[in-house]
Amino acid sequence: MQSKIIENQTLFTWIEEIKTLCRPNDVVIWTGTQKQYDELADEEVKTGKAIRLNPEKRPNSLLYRSDPSDVARIEKRTFISTSKEENAGPTNNWISPKDLKPRMLSLYKNSMKGRTMYVIPFSMGLIGLGMSRLGVEITDSPYVALNMHIMTRTGDKVLDLINNGQDFVKCLHSVGYPLEPGMKDPVWPCAPIEEKYISHFPEERMIWSYGSGYGGNALLGKKCLALRIASSMAEKEGWLAEHMLILKLKDANNNVKYITGAFPSACGKTNLAMINPSLKGWKAETIGDDIAWMEIKDDGKMYAINPEAGFFGVAPGTSIRSNPNAMKTIEKNTIFTNVALTDDNDVWWKDLKDEEPNHLIDWRGNDWNKGDILRPDHPNARFTAPIINCPTLAKNYESPVPISAILFGGRRPSTIPLVHQSFDFEHGIFLGSIMGSEITAAVLDENIGKVRRDPFAMLPFIGYNISNYIQHWLDVSKKSNDELLPKIFYVNWFRKDKDTFLWPGFGENSRVLEWILQRTEGKENFIETPIGLVPDLDKFNLEGLSVSRTKMEELVKVDKSTWEIEIKSIENYFRMYKNNIPHILKNQLNNLKKRFDI
Ligand code: GTP
Ligand code: SPV
Ligand code: MN
């Protein structure tokens, strides 16, 4: 397939350099056509890398099974490589470019032997929009090429912009499994864990990823570019790159408002982005489910875009009951990774339906029978689906939208109420900075289930020093005022009584959204507590809700003795800033203690 000629000297030279370094068998420029996608998908099926799902049940869809060692983001192999360690800050793994580059160059040497190298120009955000940014990913993984085709806007139109001189982020990826003649290619080639690197060079706006083929480690437009590199660009250019969903809401009176929400990985962004509101007359539309780029425009309001063109969503737990819109989204043209396969060549995962099938092929490719102890899907099994498949997609999903409220949230079995509002924007920044959540399977970690602090749901994604990140939020807010800025809320769908969730979640979260939108209009529907404003239950929509009043009271309770422990834990956490703790956090923490009389 012949694409446009590469006229941009920087791109041309870089491609030549990588060819010489990695020695692929051949080079393919991604043109972004359906034909190219279909042909590559067919080839993947023919060579046994992918399984074509039943075309009658799931047209044009594939199943991939990854290597059991390569199933999620790997934070301990993720690096921010800046010349000075302090520029990466206390939350990132740091290696200097001087040390890291030679180490990785020796890995990249000949690493694409026996493989095809794909050159994928892509745009994060609508092609040509002022808020969008360009990248080019060079990869030896057909899986990555197919996924990038869905997740970003790829092809010749992007190349046109690059040929015209627009900047792009260089993203280099190799699975790290060169093929010598006669060697058999495994179904999911990757490198051993100690050879995996997901490296970022923000000073050069460059990404080098080696050894992993999975998700955020390999689809470099997503977490690597749109969060880590973009956050560092945004700091310099005065905008925000955040791990947030974007949702359009219409209340029963047809008032339209937009909100964003930052929840850590596998904590409910996709679900909220596709919510089916349980409240009568309410309508919700999807704009984005994982990443928001935001800036304050001339009218003083904060606007957001979704830089992505697809969903890379958590499959387990997705069902007609929990998220019917996601189920519709993945009916066709979808890539599934590490889900189980049914006897009629369709997909399966935990809680897909009430009744489990008698037999499946599990995510490792083994037989699974009903009653087996091991689950048949991987907890971080994912679907990759085009955003245009989403039945609730907002018509204006490609334009910047003004944000009325920002939600922070996470999985907290105790302490944090169902919802509370910050006293003002600065207090909201504090709420973002103290966010905590149970670790989920979205990251390869032995501490799944333990609560860790995850400021702004950005702990693994801030591409620079976290002190400067907090300061940057403050600086951005100074471009406007509290009247015009979004109001900030902290939500927790995951409060538990012993082992069961107190709150039904999903569609019922619309009750909380209603309360939030009322707050953005200044309605007196709250009770003031030392941590912020919580719902006055007499003014909270409880009609038809299956939760008892006692449980509701438990859900919005702010208990001083619990908060004494929480405050100690926050103080302890803030020690990581050492001498570099932003003033705003110190002041806010003192104010919180004063309000509690501690
Ligand atoms: P990433 O793609 O990793 O960034 O995750 P995400 O934040 O988009 O999370 P997602 O919406 O995929 O949800 C992850 C898991 O949380 C799924 O298993 C959901 O079923 C579950 N979940 C989402 N919303 C709720 C809720 O309101 N209540 C409860 N109890 N579970 C929820
Ligand atoms: C996350 O972990 O937050 C994800 C999945 O959205 S990944 O793309 O793998 O980062
Ligand atoms: Mn995410």
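Student: Which domains does the shell around ligand 2 draw at least three residues from?
Tutor: Domain 1 (2-50 + 77-238) and domain 2 (241-308 + 395-595) each give at least three residues to that shell. Those bounds come from an automatic or database domain assignment. Before we go on: this is a predicted model, where local features need pLDDT of at least 70, side-chain atom pairs count only at pLDDT 80 or more, and totals for chains, interfaces and linings use all residues. Residues are numbered from 1 along each chain as its sequence is written, chains are lettered from A and ligands numbered from 1 in the order in which they are written, and side-chain values use heavy atoms, leaving out hydrogens and water.

Student: OK. Which residues are around ligand 2?
Tutor: R73, G215, G216, K222, K223, H243, S265, D290, F312, R382, A442 and F461. To count, a residue needs a heavy atom within 4 Å of the ligand.

Student: What polar atoms of S265 and D290 come up against it, and at what distance?
Tutor: A polar side-chain atom of S265 is 2.5 Å from an oxygen atom of ligand 2, and one of D290 is 3.5 Å from an oxygen atom of ligand 2. The cut-off for a polar contact is a pair of N or O atoms within 3.5 Å; within protein, one must be able to donate a hydrogen and the other to accept it, and residues adjacent in sequence count only if both atoms are side-chain atoms. The protein covers 98% of the 290 Å² of accessible area that ligand 2 has on its own, by the Shrake-Rupley method with a 1.4 Å probe.

Student: Switching to ligand 1. Why does it lie between domain 2 and domain 3?
Tutor: Because domain 2 (241-308 + 395-595) and domain 3 (311-389) both give residues to its shell.

Student: How many residues surround ligand 1, and which are the closest?
Tutor: There are 22, the closest being A266, K269, T270, N271 and R382. A polar side-chain atom of K269 lies 2.7 Å from an oxygen atom of ligand 1, and a polar backbone atom of T270 is 2.8 Å from an oxygen atom of ligand 1. The protein buries 91% of the 660 Å² that ligand 1 exposes when taken alone.

Student: And which helix gives the most to that shell?
Tutor: α8, with three residues. Helices here are DSSP runs (H or I, at least four residues), numbered from the N terminus.

Notes: Helices (H or I, at least four residues) and strands (E, at least two) are DSSP runs, numbered from the N terminus.
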